[in-house]
Amino acid sequence: MTRIVYEPAELRLSMEGHAGAGAYGEDPVCAALSMLSMTLERRLSELAEHCFPAISRAPGRFRAACSPEEAYAGQCRECFETVAAGLELLAEERPEHVRFRRREDDNEEEREA
């Protein structure tokens, strides 16, 4: 099971675990998760000069966060929101392999897919 937590107010996303939907190296859910995380990493690296990303990747773990300049906050947020939408969709389609939580800091509300 891969657990994903997205914190939009902090522009932070973390993923941990293995989907377990197939053999190692042949897991289609893991491949989708990897591609979405690499997409976020690429987009943030393209904005690195203005959003100051912090990204770490290890087997079964991915973390991304950024602290954008005010003028670039919208672009950074759009990167996170787009990838989060894909991750949430994957969790809805494959709930036995992916759990997605959107943690809203405003009122400590959490929405789980």
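Reply: Glu 7 has a relative accessibility of 12%, which is under the 20% cut-off, so Glu 7 counts as buried. The model is a predicted one. Glu 7 belongs to strand 1, residues 2-7. Leaving out residues up to four places away in sequence, Glu 7 touches Arg 12 and Arg 103.

The loop between strand 2 (12-16) and helix 1 holds Ala 21. With 24% relative accessibility, Ala 21 counts as partly exposed. Residues up to four places away in sequence again not counted, Ala 21 touches Asp 27, Pro 28, Val 29, Arg 94 and His 97. Ala 21 and His 97 are 76 residues apart along the chain, yet their C-alpha atoms are separated by 6.6 Å.

Now the helix pair. Two packed helices are described by the angle between their axes and by the distance between those axes. For helix 1 (residues 28-46) and helix 3 (residues 73-93), the angle is about 175 degrees and the axes are 9 Å apart. Because an angle over 145 degrees counts as roughly antiparallel, helix 1 is roughly antiparallel to helix 3.

From helix 1, the residues in this contact are Val 29, Ala 32, Leu 33, Leu 36, Thr 39, Leu 40, Arg 43 and Leu 44. They meet Cys 79, Phe 80, Val 83, Gly 86, Leu 87 and Leu 90 of helix 3. Sorted by class, the contact has 11 nonpolar, two polar and one charged residues.

Helix 1 has 19 residues, which at 1.5 Å a residue should span 27 Å; its end C-alpha atoms are 27 Å apart, in agreement. Val 29, Leu 33, Ser 37, Leu 40 and Leu 44 are the buried residues of helix 1. Viewed down the axis of helix 1, these buried residues fall within an arc of 60 degrees, so they line one face of the helix.

Helix 3 has 21 residues and, at 1.5 Å a residue, should span 30 Å; the distance between its end C-alpha atoms is 30 Å, which agrees. Its buried residues are Cys 76, Cys 79, Phe 80, Val 83, Ala 84, Leu 87, Glu 88, Leu 90 and Ala 91. Down the axis of helix 3, the buried residues fall within an arc of 160 degrees, so they too line one face of the helix. Gly 74, Glu 78 and Glu 93 are exposed on the other side of helix 3.

Methods:
Residues are numbered from 1 along each chain as its sequence is written. This is a predicted model: local features need pLDDT of at least 70, side-chain atom pairs count only at pLDDT 80 or more; totals for chains, interfaces and linings use all residues. Side-chain values use heavy atoms; hydrogens and water are left out. Axes are lines fitted to C-alpha atoms, for helices over the stretch in contact, and angles run from 0 to 180 degrees between N-to-C directions. Helices (H or I, at least four residues) and strands (E, at least two) are DSSP runs, numbered from the N terminus. Angles under 35 degrees count as roughly parallel, over 145 as roughly antiparallel, 65 to 115 as roughly perpendicular and the rest as oblique. Contact means heavy atoms within 4.5 Å. Ala, Val, Leu, Ile, Met, Phe, Trp, Tyr, Cys and Pro count as nonpolar, Asp, Glu, Lys and Arg as charged, and the others, Gly among them, as polar. The expected span of a helix is 1.5 Å times one less than its number of residues. Buried means under 20% relative accessible area, exposed over 50%, partly exposed in between (1.4 Å probe, protein chains only). The arc is that of the directions from the helix axis to the C-beta atoms.
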